Amino acid sequence: MQEHLKQLLFRLLSQPTAPFREQRVIALATAVLKDAGAPFFADPAGNLVVGASSKTDMLRLLRETSREPVRVFIAHMDHPGFHGMRWIAPNVLRVQWHGGSPVKHLQGSRVWLANDDGYGGVGVMRNARLKKHGWSIDAAEVHVECALPRPRPQANRLYGGFDFRRPVWKGGSRLYTRAADDLVGVFCILAAALEIFTKPARIRPPFLGLLTRAEEVGFVGALAHFELGWLQQARRPLVCVSLEASRTLPGAVVGKGPIVRLGDRRTPFDAAYSQVLTRLAEEVLPGRHQRRIMDGGSCEGSAATAYGFPTIAMAVPLGNYHNQGLEGGPDCRGAHGPAPEFVHLGDIEGQYALCLALMRKGLPWHNPWQDVRERLQKNLRDYRALL
Ligand SMILES: [Zn+2]
């Protein structure tokens, strides 16, 4: 991976983020896009739209006469974490958890704290209570273990998550981090935008990136965007491309390449457009990609499908999904206890390469099955005499 991209990846993975608390990720993304002169704007829900400078500009792209589909790459900027609720002692914060989480070895585990004024602190979690279904934390106490500024930060502006030796570090070709899900997807979209919008182009690239908020509590940012009805105004084809870090499964192994995600827990994705992606992956990453239904979780691809948009998806295999110690490794507090997520640098590079390949002009979006049909027809010819 080129050095400037690696730096961007590490900077992104160092940002604090939680559902509805994506401001520090947004600040970095906008700074990077501004520096590169790439167009972007915030939609009314605070999602970041990349590849257009305003609603009008986005609609202009969607209404162009063209057979080239607009690729709408989608990734989310949040990660499961907590919001401060109220101070119950001078240094004890009552917190509410949002999204998935580890469910064991919670007592005394280290957490980080942040707010959007630049405050950063650490503490330990105590007295965590799980939700009724038992799959995630509901509420807990955070005992702050560093000096608090005076005046004390407002409780409800603080947020946080599980803390490890560093926000991100390398171990061999693996990256251990608080929140690979889905800052790796955000990275791929930003890196692609930097590549696409810093090159002179004769025609406008059919590229949109949608960096969403609050995915972890049920696609809230993506839904708010779809409800605007802007994408529905397209007069040319469009294809949504969901980018995720997704729980490792048999056949979706960390280090064996990005995954052509044929579906998620809720639904299969568009078969014809997935065929375009499958063929591209065979060409661009021969023997270095994987392909399967990733039903360990659902992604914004199912939200896009539910709104009627043709959707395909990719994923980077993710260890210790949602900071649950499922695969163990460094800084893991035990089975199902807090643990850093981990991903493989080669898988991220592969996903980025596939994003760029998807932008090629003239891909067979309108006739993706032609070569398969020709192969089958040859089989028919060979055997026809025996019919
Ligand atoms: Zn995710």
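In what sense do strand S10 and strand S11 pair, and over how many bridges? They are antiparallel, and four bridges link S10 (residues 168–171) to S11 (residues 174–177). The model is predicted. The protein chain is divided into domain 1 (3–79 + 169–370) and domain 2 (81–168). An open sheet of eight strands is also described below.

**The S10–S11 hairpin**
- S10 and S11 form a hairpin, with two residues between them.
- Gly172 sits in the turn and has a positive phi of about 65°.
- Across the pair, Trp169 stands opposite Tyr176 of S11.

- Domain 1 is built from two segments, 3–79 and 169–370, while domain 2 covers 81–168.
- The centres of domain 1 and domain 2, taken over C-alpha atoms, are 28 Å apart.
- Domain 1 gives 28 residues to the contact, and domain 2 gives 24 residues.
- On the side of domain 1 that touches domain 2, helix H1 (3–13), helix H2 (23–36) and S11 each supply at least two residues.
- The residues on that side of domain 1 comprise eleven nonpolar, eleven polar and six charged.

**The eight-stranded sheet**
- The strand order is S1-S2-S12-S3-S13-S16-S14-S15, and the pairing is mixed.
- Strand S1 (40–42) and strand S15 (290–293) stand at the edges; each has a single partner strand, so one side of each lacks a neighbour in the sheet.
- From one strand to the next, the twist averages 25°.
- Strand S14 (residues 259–263) runs parallel to S15, and four bridges join them.
- Arg261 has Arg292 in S15 as its bridge partner.

**Helices across the sheet**
- H2 lies across S1, strand S2 (48–50) and strand S12 (207–212).
- The angle of H2 to S2 is about 25°.
- Helix H6 (residues 271–284) lies across strand S13 (238–247), S14, S15 and strand S16 (311–318).
- H6 runs at about 165° to S14.

- Which residues of helix H3 (residues 55–63) are buried? They are Met58, Leu61 and Leu62.
- Seen down the axis of H3, these buried residues fall within an arc of 95°, so they line one face of the helix.
- An α-helix has 3.6 residues a turn, so residues three or four places apart point the same way.
- Thr56 and Arg63 are exposed on the other side of H3.
- The buried residues of H3 pack against S2, strand S3 (70–76) and S12.

Methods:
Residues numbered from 1 in each chain as written. Predicted model: local features only at pLDDT ≥ 70, side-chain atom pairs only at ≥ 80, totals over all residues. Pairing = 2+ DSSP bridges. Domains from an automatic or database assignment. Contact = placed C-beta atoms within 7 Å. Nonpolar A, V, L, I, M, F, W, Y, C, P; charged D, E, K, R; others polar. Axes fitted to C-alpha atoms, helices over the stretch in contact; angles between N-to-C directions. Buried ≥ 20, exposed ≤ 12 C-beta atoms within 10 Å, placed from the backbone. Arc of directions from axis to C-beta.
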